[in-house]
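User: I am new to this structure. Please walk me through how to read its helices.

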Amino acid sequence: MTNRTRRSIALVSEKGGTGKTTTLINLAQAVRMLGSSCLIIDCDPQASVSSWFQLVENSTDNSMKKYTNLLPHQETVRTADELRALHEQLDALEANNDGYDWVFYDLAGYVGENLDYGSQAEMLIEVMRYTDCLLTPIIPDPFTVLQALKATKKFNDALVKLNRIDEVKCFTVLNRIRISESISKQ
């Protein structure tokens, strides 16, 4: 059990296009609108969060400018070692009562079959050491649902190995409904 007061949510998916990054940005902005401080950590090699931040910050469109005061702080990490160093900094900030209320992690869209191998698997394991919640957005198609089921088993097995199965909450969330499609048709 951690002694941290900050809360954290990691968004994970075994398939791209489920709205993982968009969900994360909206959650972080909602937290900011409620007055809490938050940090988004972009761990995804596609760097979608970083791209979104650049788009908003560099936009000449006045409708985008309203988002700049709601932007959470953002860090980009590409290796588990960088993430470990960032976690040490966050722990030091919190020890001085100067940390973030919330931390959101955007992880790669595909980790792979084995969480014991590969840089993205190592990144996910490092996040699992710190997060309070794994949130997996899915869309209503059979492939995405099957991938989420496979991922849930992998995540649970990893949490057991880390001795955090009782500390980390895991949720699968139906992110959007495609009006022209239904699971029963497919």
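**Helix 1 and its neighbours**

Analyst: Start with packing. The buried residues of helix 1 pack against strand 1, strand 2 (38-42), helix 2, strand 4 and strand 5. Contact means heavy atoms within 4.5 Å. Buried means under 20% relative accessible area, with exposed over 50% and partly exposed in between (1.4 Å probe, protein chains only). The model is predicted: local features need pLDDT of at least 70 and side-chain atom pairs count only at pLDDT 80 or more, while totals for chains, interfaces and linings use all residues. Residues are numbered from 1 along each chain as its sequence is written, and side-chain values use heavy atoms, leaving out hydrogens and water.

User: Which residues of helix 1 are buried?

Analyst: They are Lys-20, Thr-21, Thr-23, Leu-24, Ile-25, Ala-28, Gln-29 and Val-31. Just after helix 1, Gly-35 has a positive phi of about 95 degrees.

User: What span should helix 1 have?

Analyst: The expected span of a helix is 1.5 Å times one less than its number of residues. Helix 1 has 14 residues, so it should span 20 Å. Its end C-alpha atoms are 20 Å apart, which agrees.

User: At what angle do helix 1 and helix 2 pack?

Analyst: Axes are lines fitted to C-alpha atoms, for helices over the stretch in contact, and angles run from 0 to 180 degrees between N-to-C directions. Helix 1 (residues 20-33) and helix 2 (residues 48-58) meet at about 60 degrees, with axes 10 Å apart. That makes helix 1 oblique to helix 2. Angles under 35 degrees count as roughly parallel, over 145 as roughly antiparallel, 65 to 115 as roughly perpendicular and the rest as oblique.

User: Which residues make that contact?

Analyst: Helix 1 brings Thr-21, Leu-24, Ile-25 and Gln-29. Helix 2 brings Ser-48, Val-49 and Trp-52.

User: Is helix 5 mostly covered or uncovered?

Analyst: Mostly covered: nine of its 12 residues are buried. Among them are Met-123, Leu-124 and Ile-125. The buried residues of helix 5 pack against strand 1 (7-11), helix 4 (80-95), strand 4 (102-106), strand 5 (133-138) and helix 6 (142-161). Helix 5 covers residues 119-130 and reaches 17 Å from its first C-alpha to its last, close to the 16 Å expected.

User: How many helices and strands does the protein chain have?

Analyst: Helices (H or I, at least four residues) and strands (E, at least two) are DSSP runs, numbered from the N terminus. The protein chain has six helices and six strands. Their order is β-α-β-α-α-β-α-β-α-β-α-β.
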